[in-house]
Amino acid sequence: MRRFTSLLIAVCLGGCLAAGPPLPPPPRGPVPDLVGTWRGTWAGEPLALLVVTQLGDAGYSGFSIGDYQLGGPRRPGFSGVLTSTVRGEAVSSRAQGWLGNDATGRLLVLIESDSPAGYQYLTLARVDRDRLAGSGQSSFAWGPRGPAELTRQVR
């Protein structure tokens, strides 16, 4: 019985600690302001990201109770809404993102969205001041996957 209880606790905690793609190293230098509307394409279909709030210290994974994170890495991040095309329809869902740097020092933006069909992940690198490019995947077979690009819309 004790082994079963230990196994059950481990499985439950493992689910709480699960996370998306691994984080890159924290960003070096000042973090750019990403708040606003970004539009582009993902796998050839329309894509939009509305960054509503940008945070200097956002949690990525670990154990949380409500909004309070008890452990896990923290770094600059944001919250907003991701609108992607799923089966020909525009689907909007809550999104959160984290910032880091790639090996060459370019800014990376990791985006995770919990759409009604499942999770969506994008990893985009800053190409220039107002453009991000990279690729993404969906946890569900009919979701978008492949190259993605976003351009900041004029405020």
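## Aromatic pairs

Y119 is partly exposed, at a relative accessible area of 36%. The model is predicted. Y121 has a relative accessible area of 16%. That is under 20%, so Y121 counts as buried.

How many aromatic pairs does a search of the whole structure find? It finds two. Y119 and Y121 form one that is stacked. Their ring centres lie 6.1 Å apart, with 15° between the planes. F140 and W142 form a pair that is tilted. Here the centres are 5.4 Å apart and the planes stand at 50°. Why tilted? Stacked needs planes under 30 degrees apart and edge-to-face needs over 60, so 50° falls into the remaining class.

F140 counts as buried, at 4% relative accessibility. W142 counts as partly exposed, at 40%. The cut-offs explain the labels: 4% is under 20%, so F140 is buried, while 40% lies between 20% and 50%, so W142 is partly exposed.

## The S84 site

Where does S84 sit? Its place is in strand 5, which covers residues 74-86. Is S84 buried or exposed? S84 counts as buried because its relative accessibility is 1%, and buried means under 20%.

The side chain of S84 makes a polar contact with the side chain of Q120, at 3.1 Å. Q120 is also among the residues that S84 touches, leaving out those up to four places away in sequence.

How values were computed: Residues numbered from 1 in each chain as written. Predicted model: local features only at pLDDT ≥ 70, side-chain atom pairs only at ≥ 80, totals over all residues. Heavy atoms only, no water. Helix = DSSP H or I, 4+ residues; strand = E, 2+ residues; numbered from the N terminus. Buried < 20%, exposed > 50% of the residue type's maximum accessible area, 1.4 Å probe, protein only. Polar contact = N/O pair within 3.5 Å; in protein donor to acceptor, adjacent residues only side chain to side chain. Contact = heavy atoms within 4.5 Å. Phe/Tyr/Trp six-rings, centres within 6.5 Å; stacked < 30°, edge-to-face > 60°.
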